[in-house]
Amino acid sequence: MLLGERPGRTVSTRTVCARNGSVQSRVDELATEEPLEVRVAYFEAGVERRRSVAVTMRTPGNDFELAAGFLYSEGVISGPEAVGQIAYCTDVDGPQMYNVVTVHLRPGVPFDPERLSRNVYTTSSCGVCGKASLELVRTVCPSRPVGDFKLRPEVLLRLPDTLVRAQPVFARTGGLHAAALFDGTGRLLLAREDVGRHNAMDKLIGALLLAGRLPASNTVVLVSGRASFE
């Protein structure tokens, strides 16, 4: 159950542009980058408890997918059946800025915060770092997808252009990464944007998770930046 999701945003700002010896002031559209705190609500001895598990700098939009994908890729949840609901927090101080999300686990779902490799703080540029993170990748990685086809070179070469056409915020700002899912023929199945490439990937994973479409076998993932290990 997803409560109160809001769309992604951009912001207009006045900039100074110098070109060919002339200086002009103009309004430019920029991709928004805001912090998102992810909390987990879980039951312990029959009592509901809450814990903040991560803060990441992200582009608003698909926040619930981002939270779900993050928890899944960290091994905190193993499937959509673990999630009761996802909602923006209503107990935050000040006006509602939609920057705190709580993932409510169903009763009986175990929660081990020590399994998190990206706890405390995550920047938009680097999702995970260090020896502990590398070791955790080998232990918490969920079921791996399988594929029974080979991607033809001509299909591979046209995927980036297809991805760019599926990035509406990038088209307006030129400042976002993306992750996209394709089938073996190069048909676009799903795409997500974010200022951080690992956030875009978590949004994609979260969308598939909540739709019950993991492990997404016989598909192809394309990311707009380097394919780092996280």
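Tutor: Two strands pair if DSSP finds at least two bridges between them, and helices (H or I, at least four residues) and strands (E, at least two) are DSSP runs numbered from the N terminus. The model is predicted: local features need pLDDT of at least 70, side-chain atom pairs count only at pLDDT 80 or more, and totals for chains, interfaces and linings use all residues. Residues are numbered from 1 along each chain as its sequence is written, and side-chain values use heavy atoms, with hydrogens and water left out.

Student: How many helices and how many strands does the chain have?

Tutor: The count rests on the DSSP runs just described. The secondary structure of the chain comes to five helices and 10 strands.

Student: How many residues of strand S7 are buried?

Tutor: Buried means under 20% relative accessible area, exposed over 50%, and partly exposed in between (1.4 Å probe, protein chains only). In a regular strand the side chains alternate between the two faces of the sheet. In S7 (residues 100-105), Val 100, Thr 102 and His 104 on one side are buried, as are Val 101, Val 103 and Leu 105 on the other. The number of buried residues in S7 is six of six.

Student: Which residues are the bridge partners of Thr 102?

Tutor: Strand S4 (residues 34-44) pairs with S7 in the parallel sense over five bridges, while strand S6 (residues 83-88) is joined to S7 by five bridges and runs antiparallel to S7. The partners of Thr 102 are Arg 39 and Ala 87.

Student: Why does Thr 102 count as buried?

Tutor: Leaving aside neighbours within four places in sequence, Thr 102 is in contact with Arg 39, Ala 41, Arg 50, Gln 85, Ile 86, Ala 87 and Cys 89. Buried means under 20%. Thr 102 therefore counts as buried, because its relative accessible area is 1%.

Student: Is Val 164 buried, exposed or partly exposed?

Tutor: Val 164 belongs to helix H3 (residues 153-165). The C-alpha atoms of Val 164 and Ala 191, 27 residues apart along the chain, are separated by 9.9 Å. Because its relative accessibility is 42%, Val 164 counts as partly exposed.

Student: What percentage of the residues of the chain count as buried?

Tutor: Of the contacts in the chain with a separation of 6 or more, 61% are between residues 24 or more positions apart. The chain has 230 residues, and the share that counts as buried is 40%.

Definitions and conventions
Contact = heavy atoms within 4.5 Å.
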